Amino acid sequence: MEKPAAKLPNAHSHRSVRPIEESVRTDFRHAMSYGGYLDLDRLLSSQHPLSQPEHHDELLFIIQHQTSELWLKLVLHELLEARSLFDQDQLGKALKCIARVKAIQRTMTEQWSVLGTLTPREYAQFRGFLGSSSGFQSYQYRGVEFLLGNKNRGMLRVFESDPEAHALLGRLLDEHTLYDAFLRVLARAGYEIPADILDRDTSEPWSYRSDLVPIFQKIYESDDTPWGLYEACEDLVDVEDNFQAWRFRHLRTVQRTIGFKVGTGGSSGVDFLKRALDLTFFPELYAVRTEIGN
């Protein structure tokens, strides 16, 4: 007896809709929801384009900078914890925080490619509505720089109209940096960090100390160096490298969008950003490379 021919699948007989499992909760009248936990009502309603008529691309510009500020909030959170863990000699946990910072930095650097889709003509059509607002006024960015050692008391003037930001930066200006905390870790581990470095005025910006280079050379060249100390040195270099990559992408994005115009906040724009590339957080960790193997 002949078998009936197999039925070919009909493209229209298969639905692409996935049924909701019975165990999935759908009633949130008296339960925490995803949107409630993340406060999405407030978050997603905090973009307020000012251009008249509203320019399509202003939303991109706002979200780009808002997401950067969220990432900076997390960077500050992690660096403060890493500093505290260094202070407690919990090296492994501190490096875990720094590893997260490095991942955030890579994300922030790649974000510039999104803003890079904004053409000069598109930006020019709403730039005037920004007034004097500028990324130069990001207190969280400034806080990260203070925490890494690039301190400038004069910057506090920019934030005098924002008491909360001014207080945070004033505190970070006076407190020891992440690098200070690491050098104290080394001192407690038996390395001869000069006393005047350990007792320095931490409200001052870090300046290069040649007498630290032989200490770092010993750390890099000795087979007896605890791995965590060597790893910490390399992680700090990674943080600075990532920071410089972010600065460079920022500069190039600004240059391709506004050329050499003056910044909205009054800075010289691209020229100002170029000078920032000369700033360094951990100069001895770079200088030691010249000495290794000599």
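Predicted model: local features only at pLDDT ≥ 70, side-chain atom pairs only at ≥ 80, totals over all residues.
Residues are numbered from 1 along each chain as its sequence is written, and side-chain values use heavy atoms, with hydrogens and water left out.

**Helices and their ends**

- Helix H11 covers residues 227–258 and is followed by Gly259, whose phi is positive, near 65°.
- Helix H3 (residues 58–87) has 30 residues and reaches 44 Å from its first C-alpha to its last, close to the 44 Å expected; just after H3, Asp89 takes a positive phi of about 60°.

**Arg249 in helix H11**

- Arg249 is located in helix H11 and is partly exposed at 27% relative accessible area, where buried means under 20%, exposed over 50% and partly exposed in between, with a 1.4 Å probe and protein chains only.
- Leaving aside residues up to four places away in sequence, Arg249 touches Thr109, Glu110, Trp112 and Ser113, a contact being heavy atoms within 4.5 Å.

**Salt bridges**

- The count comes to 15 salt bridges, each defined as a side-chain nitrogen of Lys or Arg within 4 Å of a carboxyl oxygen of Asp or Glu.
- Arg100 and Glu78 meet through their side chains in a salt bridge of 3.0 Å, N to O, and this pair links Arg100 in helix H4 (residues 91–115) with Glu78 in helix H3, 22 residues apart; Arg100 is partly exposed at 38% relative accessibility, whereas Glu78 is buried at 5%.
- Lys102 forms a salt bridge with Asp238, with the closest N and O atoms 2.8 Å apart; because Lys102 lies in helix H4 and Asp238 in helix H11, the pair ties together parts that are 136 residues apart in sequence.
- Within that pair, Lys102 is buried at 12% relative accessible area, and Asp238 is partly exposed at 28%.

**Cysteines**

- A search of the whole structure finds zero disulfides, a disulfide being a pair of cysteine sulfur atoms within 2.5 Å.
- Cys97 is in no disulfide, and the nearest cysteine sulfur, that of Cys233, is 18 Å away; Cys97 counts as buried at 8% relative accessibility, and Cys233 counts as buried at 0%.

**Surface and loop positions**

- Met32, Tyr34, Tyr37 and Leu38 form a nonpolar surface patch with about 540 Å² of accessible area together; Tyr37 lies in helix H1 (residues 34–37) and is exposed at 63% relative accessible area.
- Patches are made of residues with over 30% relative accessible area and no salt bridge, joining like charges within 9 Å and nonpolar side chains (Val, Leu, Ile, Met, Phe, Trp, Tyr) within 5 Å, and accessible areas come from the Shrake-Rupley method with a 1.4 Å probe, only the protein chains shown counting as cover for residues.
- Glu204, in the loop between helix H9 (195–198) and helix H10 (213–221), is partly exposed at 42% relative accessible area.

Technical notes. Helix = DSSP H or I, 4+ residues; strand = E, 2+ residues; numbered from the N terminus. Expected span 1.5 Å × (residues − 1).
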